[in-house]
Amino acid sequence: MKNNKNINILKNINLLNQIFYFFVILLLTTFLKFNVHAHELWLEPINFRFNNKEVSKIHIKVGEKFNGSPFGYYDPNKKNLYLENKNKVMNLSQRDGNFPAIQTLILDKGFHVITYETNFEFLKYESLEKFKDFIKEQGLLSSVGNIDINKTPTENYRRFAKTLMTDGYKDFFIQKPKLDFEIIALTSPYNLQEELFEFQLFEKGSSLKNWQIIIFSRDEENSYKEIVKTNTNGVGRIKIFDNRAYLLSAVKLDKANYLEKIKYKSDWFSLWASLTFKK
């Protein structure tokens, strides 16, 4: 009798877990539906300075202009998720429904980078004008070529989000480029002697020159926006201030070729790179 009771308890727990995950997936689907035009995705730790004895919790946020909503972890959206320091790269496994989405214990000291890469997601714009507004805002007018004015554009997009974290121990490393699109820190924002933060933009391992980077930042009272362009080596520089959180954002947009249009059923492909930290 006791064994049967235990079995029934386990069945009830499994049923509750299934119901929980169903509602998590439903909420995520609803959220993404109503935020379909918010391409921007970034990682935002509850605390950018981690404690080796406590689990670090990092939100995945979707929104615009460094103003967004966090949502729970959903594994089908993920292509890669890993934690990196100067000595190793560690893949992170998360449970569907985690909130905050990413939760991990960082055991090593010093400077760390968490990288989250998504799978493709599909978007149909509300109108051609919305698409034109997006191109203009991202500084892509000179790179996209001709636009078909007789149809509403469709797009497949992927995001490559990073966040920089530290425990206060002053070490630093420069990542090697390995993503299709990414921003790499060339200096540490956590070195208090550094007022200028340097970074480099890469597309498939090659630096991307003369490209627009939008820098959003905020402190306890105000929000700020700045636009810079990378130099001939794909390097950008910004002055950073204490007690301010930063989001660096870059976008690459390309037309789909004939075979890609058939396979992905979209006219355009976009890649989004983001980088966050707090001075």
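Modeller: Here are some labels, each set against its cut-off. Keep in mind that this is a predicted model.

Colleague: Why is Ile106 called buried?

Modeller: Its relative accessible area is 1%. Buried means under 20%. So Ile106 counts as buried.

Colleague: Where does Ile106 sit, and what does Ile106 touch?

Modeller: Ile106 is in the loop between strand 6 (102-105) and strand 7 (112-118). Setting aside neighbours within four places in sequence, its contacts are Phe50, Asn52, Ser56, Leu83, His112 and Met165. Take Met165: 59 residues separate it from Ile106 in sequence, yet their C-alpha atoms are 9.9 Å apart in space.

Colleague: Why is Lys61 called buried?

Modeller: Lys61 has a relative accessible area of 15%. The cut-off is under 20%. Therefore Lys61 is buried. Lys61 belongs to strand 2.

Colleague: What makes the link between Lys61 and Glu44 a polar contact?

Modeller: Their side chains are joined at 3.3 Å. The limit for a pair of N or O atoms is within 3.5 Å.

Colleague: Why is Val55 called partly exposed?

Modeller: Val55 has 46% relative accessibility. Buried is under 20% and exposed is over 50%. The value falls in between, so Val55 is partly exposed. Val55 lies in strand 2, residues 55-64.

Colleague: Now the inside. Which residues have the most contacts in the largest nonpolar core?

Modeller: That core has 41 residues. Those with the most contacts inside it are Phe134, Leu164, Phe197, Ile238 and Leu248. Several elements give two or more residues, among them helix 2 (128-137), strand 9 (154-165) and strand 16 (245-255). Strand 17 gives the most, with six residues.

Colleague: What does Leu248 touch?

Modeller: Not counting residues up to four places away in sequence, Leu248 touches Ile183, Phe197, Ile238 and Phe277, among others.

Colleague: Which residues are in the other core?

Modeller: That core lies apart and has 18 residues, including Leu41, Ile60, Leu83 and Met165.

Conventions. Residues are numbered from 1 along each chain as its sequence is written. This is a predicted model: local features need pLDDT of at least 70, side-chain atom pairs count only at pLDDT 80 or more; totals for chains, interfaces and linings use all residues. Side-chain values use heavy atoms; hydrogens and water are left out. A nonpolar core is a set of buried Ala, Val, Leu, Ile, Met, Phe, Trp, Tyr and Cys residues joined through side-chain atoms within 4.5 Å. Buried means under 20% relative accessible area, exposed over 50%, partly exposed in between (1.4 Å probe, protein chains only). Helices (H or I, at least four residues) and strands (E, at least two) are DSSP runs, numbered from the N terminus. Contact means heavy atoms within 4.5 Å. A polar contact is a pair of N or O atoms within 3.5 Å; within protein, one must be able to donate a hydrogen and the other to accept it, and residues adjacent in sequence count only if both atoms are side-chain atoms.
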